[in-house]
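This report describes selected features of one structure. Please consult the sequence and the structure shown below while reading.

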Amino acid sequence: MAESERRAGTSEEVAPPLQQSFMIPKKEINMVSDMAKWKRSQPIEKLVALLNTLDRWIDETPPVDQPSRFGNKAFRTWYAKLDQEAEKLVATVIPKHLADAAPEVAVYLKESVGNSTRIDYGTGHEAAFAAFLCCLCKIGVLRVDDQMAIVFKVFNRYLEVMRKLQKTYRMEPAGSQGVWGLDDFQFLPFIWGSSQLIDHPNLEPRHFVDEKVVNENHKDFMFLECILFITEMKTGPFAEHSNQLWNISAVPSWSKVNQGLIRMYKAECLEKFPVIQHFKFGSLLPIQPVTS
């Protein structure tokens, strides 16, 4: 913690520390029943609860009958509720002494679920959720020790909710490259999912195009869960509707897949104006001025 504070004092990129009040620590867990307080206090569990709320709102906001097959307008009703409640949701995750950060952090949560005007979703929205998690890290709500749970518990739950949104409201892919893109909606779970499979004793990249292997292992591996969702949403030969992934299945190792996907994400998402033009910058995630 001391090292983090020293870095915060010397780095121009780190936001100024938020005002904080201190207290002498005291015991709070005095009996077994108090363990519920401990479990509820954990940021990871609170983030999952937040995402569960978004999931419940989908059930409470069914699609409406309309002539158009895609872009169900009920999504706008669902989004309006998030727009109204986002700061309150964020406030349930962050401690009271950091309450002033809620409006800034809430922007990234609202940006992470898709566009309510176009009723679409893409990698830019996914990046906004990564930024939301990054903000929580920068203000100290999430820590290095949480990194596995951030990806495989929180981000995985986020994916489940986004897939439900996409299917329920028939959302359009935002900026999709069709068969020439990696996926219509997501990118980051392929990076993290491929890293999860590095040095796996049995599963190799060639196996993810095997339907039997995917069906047997998708619950344990993020990459395979992504493949399963694609096959549920698209028809026809995999090599035709997901040509990029088909080519990736020929790569000899997961480490090479992972390295290639990181380079691809940088080139196709982080360095693309159509994606980054919508990204929001603030005190927690500032943009650096260009120096000549």
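## Cysteines

Cys 134 is partly exposed, because its relative accessibility is 32%; buried denotes under 20% relative accessible area, exposed over 50%, and partly exposed the range in between, with a 1.4 Å probe and protein chains only. The model is predicted, so local features need pLDDT of at least 70 and side-chain atom pairs count only at pLDDT 80 or more, while totals for chains, interfaces and linings use all residues. Residues are numbered from 1 along each chain as its sequence is written, and side-chain values use heavy atoms, leaving out hydrogens and water.

The structure contains zero disulfides, a disulfide being a pair of cysteine sulfur atoms within 2.5 Å. Cys 134 takes part in none; its nearest cysteine sulfur, that of Cys 135, lies 6.1 Å away.

## Ala 131 in helix α6

Ala 131 belongs to helix α6, residues 123-138; helices (H or I, at least four residues) and strands (E, at least two) are DSSP runs, numbered from the N terminus. With a relative accessibility of 5%, Ala 131 is buried.

Contact means heavy atoms within 4.5 Å. Not counting residues up to four places away in sequence, Ala 131 touches Tyr 108, Phe 279 and Leu 285. Between Ala 131 and Glu 111, the C-alpha to C-alpha distance is 9.8 Å, with a sequence separation of 20 residues.

## Helix α7

Helix α7 comprises 22 residues, 147-168. From first C-alpha to last it reaches 30 Å, close to the 32 Å expected at 1.5 Å a residue; the expected span is 1.5 Å times one less than the number of residues. A kink of about 30° is centred on Phe 155, the bend at a residue being the angle between axes fitted to the seven residues ending there and the seven starting there.

The buried residues of α7 include Ile 150, Val 154, Phe 155, Arg 157 and Tyr 158. Among the elements covering the buried residues of α7 are α3 (43-60), α4 (74-91), β1 (120-121) and α6. After α7 comes Arg 170, with a positive phi near 45°.

## Ser 242

Ser 242 lies in the loop between α11 (238-241) and α12 (243-248). This serine is buried, with a relative accessible area of 2%. Leaving aside neighbours within four places in sequence, Ser 242 contacts Ile 230 and Lys 234.
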